[in-house]
Amino acid sequence: MKFIIYKIALHSIKLFILCSFFVTPITTFAQDEQDDIVKIGKTPPRIIRACCAFGYDLKIWGVPFVSIDQVISIDDLNEHHYMGNKKEGTGTIYTNKGGFIDIGHLRDQIDWTRYLYTTILNSRGKGEVVLPLRNEAGRKTLYLNVPEQLSDSDCILLAGKITYDLSLWHEISTWFGASTIPFIPEKFSSFSVEDVYSNLLGIHIGMKTLHSELPFNKAATMIIESTLDSLDVVKTAKETYDAYDAINNKWYTNKKRIPSKNITLKRDPDVLNSSRPWIVPNLKKDKDDSFILNVPLLTTNSELLTNFYQFTIDLNYRFPVEEIFPGRESNLINQDDFSILLDRITDELQILEQNILAEKKLSAHK
């Protein structure tokens, strides 16, 4: 009987893994232009579009004869749709000035920026407004206190900053063991070299889209294309494959199976206030013209955006709170604590990279 239960559980895990990588979630709010509206009372899912592991030809533990390959070309993008559409192109694509871009991540942050901007406008001048968010390594809550005189432009910046905090929390929480699917850790993709940059790029596109007078989906589609062009996007899927080949067994390896944390060999936790692109050395041009993205921190009048909100997480058991925050009497943290967590992750990453290097040396001597 126990064996049968185990087999059923294993089959369910395999199915969940396959769905998480190959199926667009059934959380699409808007499919057509006429339905392109923001539903303030309905918080979007944390992940709107299922995408993407870093690398290609990645194998999944317990699922034989299946590999993950989510490389796309510029011709596969199609139109952007707020909250997703099955016709949208998602996957990874290489750019010479922005490194690898995860289009699914990028699109999600565009939509989250819009959702939060609309929510901020709706709360402006109403005093403190409390927005419960979905659990992720603890109960998340957003507190807004937006003065009536805050301009629309500053509200866009505020939406971008909060969106970045939410996306950064996903990276932090998955490092400490949070996962969308029970028993399937996502640490293997936490802080991979394309994740945070793609998120922040989506936020910048989202903010620019909100300034446009065009319909949201049309503006987002145009700005995605122009932004990728400005980053010198490669024209063919083969060029993205070539970029992956150049850093296989250096930044990632397809010799391990998902969800092994050792699939990702290089990560970037230095992302509190900006994100730099990781450019493949062998494909780099003569001069370094990579494009660094900055996190929106100040209003147009140089006020801190954190004056107008607080993002809190009531941490669950996955976090050694007493060890990380000695003397703290509760498990409640906010966005100002992220720097402490990122320092901790940086230290743990150094140990992980040393262990991976030692394992590679040991394998070479066998």
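# Briefing: a loop, a sheet and some rings

Methionine 83 is found in the loop between strand 2 (63-68) and strand 3. Helices (H or I, at least four residues) and strands (E, at least two) are DSSP runs, numbered from the N terminus. This is a predicted model, in which local features need pLDDT of at least 70, side-chain atom pairs count only at pLDDT 80 or more, and totals for chains, interfaces and linings use all residues. Residues are numbered from 1 along each chain as its sequence is written, and side-chain values use heavy atoms, with hydrogens and water left out.

**Positive phi angles**

- Methionine 83 is not a glycine, yet its phi is positive, near 70 degrees.
- Methionine 83 is buried, with a relative accessible area of 0%. Buried means under 20% relative accessible area, exposed means over 50%, and partly exposed lies in between (1.4 Å probe, protein chains only).
- Asparagine 249 also has a positive phi, near 70 degrees. It sits in the loop between helix 6 and strand 7 (257-258).
- Asparagine 249 is partly exposed, at 30% relative accessible area.
- Aspartate 232 follows helix 5 and has a positive phi, near 60 degrees.

- Four strands form an open sheet in the order 5-6-10-11, with antiparallel pairing. Two strands pair if DSSP finds at least two bridges between them.
- Strand 5 (128-132) and strand 11 (332-334) are the edge strands, and each pairs on one side only.
- From one strand to the next, the twist averages 25 degrees. Axes are lines fitted to C-alpha atoms (for helices, over the stretch in contact), and angles between N-to-C directions run from 0 to 180 degrees.
- Strands 5 and 6 (the latter residues 138-145) run antiparallel and are joined by five bridges.
- Glutamate 128 stands opposite asparagine 145 in strand 6.
- Helix 2 (residues 103-123) packs on the sheet and touches strand 5 and strand 6. Its direction makes about 50 degrees with that of strand 6. Contact means heavy atoms within 4.5 Å.
- Helix 3 (residues 152-175) lies across strand 6, strand 10 (309-315) and strand 11. Helix 3 runs at about 15 degrees to strand 10.

**Helix 5**

- Helix 5 (residues 216-230) has 15 residues and should span 21 Å at 1.5 Å a residue. The expected span is 1.5 Å times one less than the number of residues. The end C-alpha atoms of helix 5 are 21 Å apart, which agrees.
- Its buried residues include Phe216, Ala220, Ile223, Ile224 and Leu228.
- The buried residues of helix 5 pack against strand 3 (92-95), strand 4 (99-102), helix 2 and helix 4 (195-211).

**Asparagine 199**

- Asparagine 199 is in helix 4. It is buried, with a relative accessible area of 3%.
- What does asparagine 199 touch, not counting residues up to four places away in sequence? Its contacts are His105, Gln109, Ser167 and Glu171.
- Aspartate 102 is 97 residues away along the chain, yet its C-alpha atom is 8.2 Å from that of asparagine 199.

**Aromatic rings**

- The whole structure holds 15 aromatic pairs. Rings of Phe, Tyr and Trp (its six-membered ring) pair if their centres lie within 6.5 Å; planes under 30 degrees apart count as stacked, over 60 as edge-to-face, and the rest as tilted.
- Tyrosine 56 and tyrosine 241 have ring centres 4.8 Å apart and planes at 70 degrees, so this pair is edge-to-face.
- That pair links distant parts of the chain, 185 residues apart. Tyrosine 56 is in the loop between helix 1 (2-22) and strand 1 (58-60), while tyrosine 241 is in helix 6 (residues 237-247).
- Tyrosine 56 is buried, at 18% relative accessible area. Tyrosine 241 is partly exposed, at 23%.
- The rings of tyrosine 94 and phenylalanine 100 have centres 4.9 Å apart and planes at 65 degrees, so they are edge-to-face.
- Tyrosine 94 is buried, at 0% relative accessibility, and phenylalanine 100 is buried at 3%.
- Phe54, Tyr56, Tyr94, Phe100, Tyr241, Tyr244 and Tyr252 form one aromatic cluster.

**Charges over rings**

- Arginine 114 lies over the face of tyrosine 82, at 4.7 Å from the ring centre. A charge sits over a ring if NZ of Lys or CZ of Arg is within 6 Å of the ring centre and within 35 degrees of the ring normal.
- Lysine 187 lies over the face of tryptophan 175, at 4.2 Å from the ring centre.
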